[in-house]
Amino acid sequence: MNNSRTKGSPAYLAGIVLVAVIGGLLFGYDTAVISGAEKGLQAFFQSATDFTYTDGLHGFTTSSALIGCIIGALLSGILASRLGRKRSLFVAGILFLLSALGSYCPEFLFFEKGVATRGLLAAFNGYRILGGVGVGLASALCPMYIAEVSPASRRGTLVSWNQFAIIFGQLVVYFVNFLIIRSHASDPDVIAWTNAVGWRMMFVSEAVPAALFSCLILLVPETPRYLAMHGQAPKAFDVLSRINGEQRANEILLEIKETLQQDSHKRHEHLFAYGFMVVFIGCMLSVFQQIIGINAVLYFAPRIFESMGVNNNMLFTVIMGVINISFTLVAVFTVEKLGRKPLLITGSLGMAVGALGVALSNVASLPALVPVVSIMVYSACFMFSWGPICWVYISELFPNTIRSQATAWAVAFQWIFNFIVSSTFVPMYTRSPFLAYALYGVICLVAAAFVWKLVPETKGKTLEEMNALWRRR
């Protein structure tokens, strides 16, 4: 008998998870590509003669993808239920590709090339929102797909790789943007080239990983949970046996069928079929991941370091990026040993120390090293806790029959509060840096208490055991 059918194939599991993880990389790539392109983009649209490109319009343009993220997250539940996880991820890949090509040449078919107009701005934002829909879909579906194909003993580790891919995707696009500008560094008119062409090259660079993802996702299987829920048990068994071996596949498939029979009357019921608390906890995990303030730090790191008196703020931003990658790996390699709750609680307390350290530095005469170290402690603690572990929880917390729709709402809340935090940080920080970081520090303490009191530990539990867990509550 084929040994891979008897014991399962780790290489097969690694291969299909790797494909899904590319979706996470695209998530990070798309959200960060604007950072290098926004100055050239601003200069291009400021050349328009039929309207005035104000700072307000630029702020909307740089953040318009977030609108799509919210839409994509809300749509993810419907698509995941009707099309399946795999085909929905293919849709996300196509949206990434169309957004990259459209942002590169928003003039396509309707506008004169290189002439900034009000209509062209609307078209550009339309393409960015389209990419945001792809991000919203990927942010919900990639962890869901990974969780539904992974063995319980490795699920946390494999889902955590998705967060690593998001951070890695952000670093990749920073490097790509740097290379694009550097390719014309010797050009005496490099600024003019950047304003006319450079920002376009940055956006179209995403087409390469987007096309790769769209092709590769066609080669992976649909998740066994989705197949079993839609009357395709033989196909579900085939996928499960290739991952877990035939004996364990039989056991898992039996568990899936039992939960479906027990909850057959709930399969088409409302979101709260298992009670209010499961949805509330899932959504609040998403809310806390954002209101602890991490995106304010990631988006405005150079500005923050500059305000602390650091001369080479970009160097420290890069150092923080390396720290973020390193501490994400801490979660990857410890989540199955230490559990989800200990990492979240420890990370929350560490973030509180870091945030309060920055807050105190703004009212006391402390060396510049103190707030710099504090902000890095704050960021590092997020990267081994709320960054990856929130996604692990969202992917595994909900029972099978409501997972797609509950995940959609949880991820939508994440993007909504991402927008709220990102848009309120600068005014709050300008008014009082102490207030901004003291508030984030207090929220971190509240988050730790929330996890300690309300969030169940899910380490080692199968996805089918989530049904029993919430029926008992």
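This is a short talk on the overall build of one predicted protein model and on one of its residues, T157.

Hi everyone. Before we start, residues are numbered from 1 along each chain as its sequence is written. Because the model is predicted, local features need pLDDT of at least 70 and side-chain atom pairs count only at pLDDT 80 or more, while totals for chains, interfaces and linings use all residues; side-chain values use heavy atoms, leaving out hydrogens and water.

Let's begin with the fold. The protein has 22 helices and zero strands; helices (H or I, at least four residues) and strands (E, at least two) are DSSP runs, numbered from the N terminus. Its radius of gyration is 23 Å, close to the 23 Å that the globule rule gives for 473 residues, so the protein is as compact as a globular protein of that length. That radius is taken over C-alpha atoms, and the rule is 2.2 Å times the number of residues to the power 0.38. Along the principal axes, the C-alpha trace spans about 65 × 60 × 40 Å.

How much of the protein is buried? Buried residues make up 57% of the 473, where buried means under 20% relative accessible area (1.4 Å probe, protein chains only). As for contacts (heavy atoms within 4.5 Å), among those between residues at least 6 apart in sequence, 83% join residues at least 24 apart.

Now to our residue. T157 sits in helix α7, residues 155-182. Is T157 buried or exposed? T157 is buried, because its relative accessible area is 19%. Leaving aside residues up to four places away in sequence, T157 touches V332, V335 and E336.

Terms used
Buried < 20%, exposed > 50% of the residue type's maximum accessible area, 1.4 Å probe, protein only.
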